[in-house]
Amino acid sequence: MFPILTESPLFRGLDQQTINSLLERVSYTTAVFNHDDCIAKRDMAYSGLMIILKGSARGEVVDAAGRRRIIDNISAPQLIAPAFLFGGYNRLPIDVIANEDDTEIMTLHRGGLFEIMQDNTIVLSNFIDIISNRANYFSRKIYTLSVLMLTEKVAALLLSLATDGDTVPMQVDKMTDELNITRNALEQTLTELAKRGYIELSETQIVLRNRKALETMVGQQ
């Protein structure tokens, strides 16, 4: 176990002997999971930092349409949701699922990690860097997902309005009210769909050029 931990971002800069010395004073557990096993559920109290020792896992959420979306894929020796270990609301925001057989997870109790960070400033500095980097990553990820979901909402609205064929009147105010978005956001999304060849825009109407692609986007069969 300890050789893989020397490569973990939490213990970066420490040798195997130092990591062994730090861990022998605190409690931790290990568990093995197989492909698609649930390692941890959303809203579970997160009282111990999970570190992937072997294999990989993914974080999933369920969107408004009931579809599972992968938020992140992580592999050994990365940490699982370190930013949610401390603070007033230390519950997981995602489901954590094993990607492969024999995925091994080490769980280091929160109190034990706190003791280690008090004893070793390198671990403390590493942990702060990890949280900062993950916060930046997820802020970009959330933005990407929000744009994707908006595109799907606009596609679904166009399909619902195109009941008598493939033509929808260009009624921007009505569509923005329906979707509760700004005019600029709607125009950008329509332009993106037009670039993909899914629709064709004019001043007076929107023509659905690839209905099947729009239906696939919103999960219609």
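**Notebook: sheets, helices and a few side chains**

I started with β4 and β5, which pair in the antiparallel sense over seven bridges. I count two strands as paired if DSSP finds at least two bridges between them. Helices (H or I, at least four residues) and strands (E, at least two) are DSSP runs, numbered from the N terminus. The model is predicted, so local features need pLDDT of at least 70 and side-chain atom pairs count only at pLDDT 80 or more, while totals for chains, interfaces and linings use all residues. Residues are numbered from 1 along each chain as its sequence is written, and side-chain values use heavy atoms, with hydrogens and water left out.

**Entry 1**

**Entry 1: Ser56**

I found Ser56 in strand β4 (residues 56–62). Is Ser56 buried or exposed? Ser56 is buried, with a relative accessible area of 10%. Buried means under 20% relative accessible area, exposed over 50%, and partly exposed in between (1.4 Å probe, protein chains only). The side chain of Ser56 makes a polar contact of 2.8 Å with the side chain of Glu100. A polar contact is a pair of N or O atoms within 3.5 Å; within protein, one must be able to donate a hydrogen and the other to accept it, and residues adjacent in sequence count only if both atoms are side-chain atoms. Leaving out residues up to four places away in sequence, Ser56 touches Ile74, Ser75, Ala98, Asn99, Glu100 and Thr103. Contact means heavy atoms within 4.5 Å.

**Entry 2: the sheet of three strands**

I then turned to an open sheet with the order β9-β11-β10 and antiparallel pairing. Here β9 (167–169) and β10 (199–201) stand at the edges with a single partner strand each, so one side of each has no neighbour in the sheet. On average, neighbouring strands are turned by 20° against each other, direction ignored. Helix α6 (residues 183–195) packs on this sheet and touches β10 and β11; the direction of α6 makes about 120° with that of β10.

I checked the pairings next. Three bridges join β10 to β11 (residues 205–208), and Ile199 stands opposite Leu208 in β11. β10 and β11 form a hairpin with three residues between them. β9 and β11 also pair over three bridges, in the antiparallel sense, and the bridge partner of Val168 in β11 is Ile206.

**Entry 3: Arg183**

Arg183 is found in helix α6. Its relative accessible area is 46%, so Arg183 is partly exposed. Arg183 and Asp173 are 10 residues apart in sequence and 7.5 Å apart in space, C-alpha to C-alpha. Apart from neighbours within four places in sequence, Arg183 is in contact with Val172, Asp173 and Thr176.

Which residues of helix α3 (residues 110–119) are buried? I noted Gly112, Leu113, Ile116 and Met117. Seen down the axis of α3, these buried residues fall within an arc of 140°, so they line one face of the helix. The arc is that of the directions from the helix axis to the C-beta atoms.

Asn120 is in the loop between α3 and α4 (121–161). Asn120 is buried, at 13% relative accessible area. A polar atom of the Asn120 side chain lies 2.9 Å from the backbone nitrogen of Ile122. Not counting residues up to four places away in sequence, Asn120 touches Leu14, Thr18 and Leu22.

**Entry 4: the aromatic pair**

I looked for aromatic pairs last. Rings of Phe, Tyr and Trp (its six-membered ring) pair if their centres lie within 6.5 Å; planes under 30 degrees apart count as stacked, over 60 as edge-to-face and the rest as tilted. The count comes to one aromatic pair. Phe86 and Phe127 form an edge-to-face pair, 5.9 Å centre to centre with 90° between the planes. The pair links distant parts of the chain, 41 residues apart: Phe86 is in the loop between β6 (79–80) and β7 (95–98), and Phe127 is in helix α4. Phe86 is partly exposed at 31% relative accessibility, whereas Phe127 is buried at 4%.

Definitions and conventions. Axes fitted to C-alpha atoms, helices over the stretch in contact; angles between N-to-C directions.
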